[in-house]
Amino acid sequence: ELEECLPDENSIEKQLSSAEIAKYIDSFLESQTKENRVIFIRRYYFSDSITDIAERVAMSDNNVSVRLVRMRKTLRNHLEKEGIEI
């Protein structure tokens with residue numbers, strides 16, 4: 001799912017180190033609400049299912065899915081503003 005908002009591995013090495021990419025993702029997450037951070041981290045760090053996340057945050061599966069789509073789009077825009085080509 002994150003492939004659409006992160007640069008491909010070959011271009012990452014040319015542009016920035018993994019630590020620098022992580023710094024930009026951290027800054028993106030800091031700009032999100034606590035609930036959105038939990039959703040994002042549970043999905044992309046812990047690989048939780050949409051249903052598991054929805055139960056954890058007391059939302060519908062659809063609501064969690066929509067938030068993830070919006071956060072991926074926002075992350076992509078954030079990284080592009082930082083000069084990272086996607």
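How many aromatic pairs does the structure hold? The structure, a predicted model, holds three aromatic pairs. The views below take up helix packing, the nonpolar core and the aromatic rings.

**View 1. Packing of helix α2 against helix α3.** Helix α2 spans residues 18–30 and helix α3 residues 34–44. Their axes lie 9 Å apart and form an angle of about 140°. The two helices are therefore oblique to each other, since angles over 145 degrees would be needed to count as roughly antiparallel. On the α2 side the contact is made by Phe-28, Leu-29 and Glu-30, and on the α3 side by Arg-37, Phe-40 and Ile-41. By type, the residues of this contact comprise four nonpolar, no polar and two charged.

**View 2. The edge-to-face pair Phe-28 and Phe-40.** The ring centres of Phe-28 and Phe-40 are 5.7 Å apart and the ring planes stand at 65°, so the pair is edge-to-face. Because Phe-28 lies in helix α2 and Phe-40 in helix α3, the pair ties together parts that are twelve residues apart in sequence. Phe-28 counts as buried, at 1% relative accessibility. Phe-40 also counts as buried, with a value of 6%.

View 3. Tyr-45 and Phe-46 form an edge-to-face aromatic pair, 4.9 Å centre to centre with 90° between the planes. Tyr-45 is exposed, with a relative accessible area of 64%. Phe-46 is partly exposed, at 44%.

**View 4. The largest nonpolar core.** This core has 20 residues, and those with the most contacts inside it are Ile-39, Phe-40, Val-64 and Leu-75. Two or more residues each come from α2, α3, α4 (50–57) and α5 (61–81). Leaving aside residues up to four places away in sequence, Ile-39 touches Ile-53, Val-57, Met-59, Val-64, Arg-67, Leu-68 and Met-71. The buried residues of α3 are Asn-36, Ile-39, Phe-40 and Arg-42. These buried residues pack against α2, α4 and α5.

**View 5. Surroundings of Ile-41.** Ile-41 lies in helix α3 and is partly exposed, with a relative accessible area of 32%. Not counting residues up to four places away in sequence, Ile-41 touches Leu-29 and Phe-46. Ile-41 and Ile-53 are twelve residues apart in sequence, and their C-alpha atoms are 9.9 Å apart in space.

Note on methods:
Residues numbered from 1 in each chain as written. Predicted model: local features only at pLDDT ≥ 70, side-chain atom pairs only at ≥ 80, totals over all residues. Heavy atoms only, no water. Axes fitted to C-alpha atoms, helices over the stretch in contact; angles between N-to-C directions. Helix = DSSP H or I, 4+ residues; strand = E, 2+ residues; numbered from the N terminus. Parallel < 35°, antiparallel > 145°, perpendicular 65-115°, else oblique. Contact = heavy atoms within 4.5 Å. Nonpolar A, V, L, I, M, F, W, Y, C, P; charged D, E, K, R; others polar. Core = buried A, V, L, I, M, F, W, Y, C linked by side-chain atoms within 4.5 Å. Buried < 20%, exposed > 50% of the residue type's maximum accessible area, 1.4 Å probe, protein only. Phe/Tyr/Trp six-rings, centres within 6.5 Å; stacked < 30°, edge-to-face > 60°.
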